[in-house]
Amino acid sequence: MAKLLRAGVIGAGNMGQNHARVYSEMDDVELVAVADPVQESLNRMAQRHRVRTYSNYRLMLEREQLDLVSIVVPTQYHFAVARDVLCAHVPALVEKPIAATMEEGCALIALGKQLGVMFTVGHIERFNPAIIALKSQLALGMLGRIYQIHASRLGPFPARITDVGVVIDLATHDLDILHYITDANIVRLHAEVGRRLHTAHEDMLSAILRFDNDVVGVLDINWLTPTKVREISVIGERGMFVANYITQDLTLFENEAAPQGTDYHQLAVMGVSEGRAIRFKINKREPLREELEAFVMAVRTGNPPPVRGEDGLLALALAQKLIEAGANGGTMLLDQGHGFEWPPVDLAQPSPAYVVQSAPVAANGHS
Ligand SMILES: NC(=O)c1ccc[n+]([C@@H]2O[C@H](COP(=O)([O-])OP(=O)(O)OC[C@H]3O[C@@H](n4cnc5c(N)ncnc54)[C@H](O)[C@@H]3O)[C@@H](O)[C@H]2O)c1
């Protein structure tokens, strides 16, 4: 049996509890420690898992011999915590979004490269079996030419998220997935954002994106809907795929007017009419489990992680463009580099300002 890898989790809130549970369920991983400043959260973790708990994550990094760490703290702290983990030479998975700002995201990528320490971002939807099946069906050409992609991510207001708005928190999922499944760049975007309940940030987004392969993307994202919706539909000349992230269902609504056959690239489609609805058989699995298994595998083999820091940075950059377009009331043209120089800094040459070592740890940091 392969050597057990020792995992740590920083942040024992809503999502951190899931990271801890998933690591504790893996045969080839030992969840050894969890850090969070809130004692109650640590007590809950200690009740559920045989772990050492720390109120100061830096002390955890100093005392534990960790092989990998999940960083599951509020977005505003991603940079500071991930920087310290990388500086401790521990492979890091930071939850999405990569960081609160582009500068911070760039600095983390550069730091990982400079130190030769693996750094990845938790873009969990890439590991959703329905999305994996959708991507492979599209790659086979099942829809022929793609016209439009609609992404809906709606739900109730999460009072605990105060540091960022819905565009940074949720739209980054869809921006990453749209880029992942189209493999295309956005050249123009229009965004309407609004703030209805949140005290500081936007809580709704309606956006239209045009990709350089002519696909149009529509994003409908908010924290104002009493029921949770997580869906993506892809419309093309041969029909429409609908994937539900929650149920992991994938359905193809065929265009009966499209010529039958498997040579999808050759047959011209002259009309649209309702055809069969085909439900795909999906082997349902927990996306977080898939994501963390991929991270563990990358750490074990030294191969690159499936989600690169640059992928996380691109999603954040595009989310910021949507906020900017929304604030300025309109449409924004992006050049080939997504409206900013790409990569935005020389990622091989980190800004020295960000390469700082951890501050000394308070002696009483251990809980
Ligand atoms: N991938 C997903 O689908 C998904 C879902 C939810 C949240 N998230 C991401 O996970 C992160 C956390 O979100 P959440 O919903 O769990 O938030 P949360 O508020 O429930 O939990 C955050 C936890 O971090 C702790 N914390 C704060 N500062 C810390 C520090 N310096 N050291 C250690 N712990 C610290 C807090 O005490 C809290 O327990 C966010 O970045 C969010 O975007 C991702």
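Guide: A residue counts as near a molecule or strand if its C-beta atom, placed from the backbone, lies within 6 Å of it. This is a predicted model, in which local features need pLDDT of at least 70, side-chain atom pairs count only at pLDDT 80 or more, and totals for chains, interfaces and linings use all residues. Residues are numbered from 1 along each chain as its sequence is written.

Visitor: Which residues come nearest to the ligand?

Guide: Gly11, Gly13, Asn14, Met15 and Glu95 do, out of 25 residues around the ligand. Helices (H or I, at least four residues) and strands (E, at least two) are DSSP runs, numbered from the N terminus. Helix H1 (residues 14-25) gives the largest share of the shell, three residues.

Visitor: How do strands of a sheet pair, and in what order do they stand here?

Guide: Strands of a sheet pair through backbone hydrogen bonds, either parallel or antiparallel. Two strands are taken as paired if DSSP finds at least two bridges between them. Here six strands form an open sheet, ordered E3-E2-E1-E4-E5-E6, with parallel pairing. Strand E3 (52-54) and E6 are the edge strands, each pairing on one side only. From one strand to the next, the twist averages 25°.

Visitor: How many bridges join E1 and E2?

Guide: Six, in the parallel sense.

Visitor: Where does H1 lie relative to the strands?

Guide: Contact means that the C-beta atoms of two residues, placed from the backbone, lie within 7 Å. Axes are lines fitted to C-alpha atoms, for helices over the stretch in contact, and angles run from 0 to 180 degrees between N-to-C directions. H1 lies across E1, E2, E4 and E5, and runs at about 155° to E2.

Visitor: Why is helix H4 described as largely enclosed?

Guide: A residue is buried if 20 or more other C-beta atoms lie within 10 Å of its own, exposed if 12 or fewer, and partly exposed in between, with C-beta atoms placed from the backbone. Eight of the 10 residues of H4 (residues 78-87) are buried, so the rest of the structure largely encloses this helix. Among them are His78, Phe79 and Arg83. After H4 comes His89, with a positive phi near 65°.

Visitor: What span should helix H8 have?

Guide: The expected span is 1.5 Å times one less than the number of residues. For the 15 residues of H8 (residues 287-301) that gives 21 Å, and the end C-alpha atoms are 21 Å apart, which agrees. Its buried residues, including Leu292 and Phe295, pack against E1, H1, strand E2 (29-35), E4, E5 and E6. Just after H8, Gly302 has a positive phi of about 80°.
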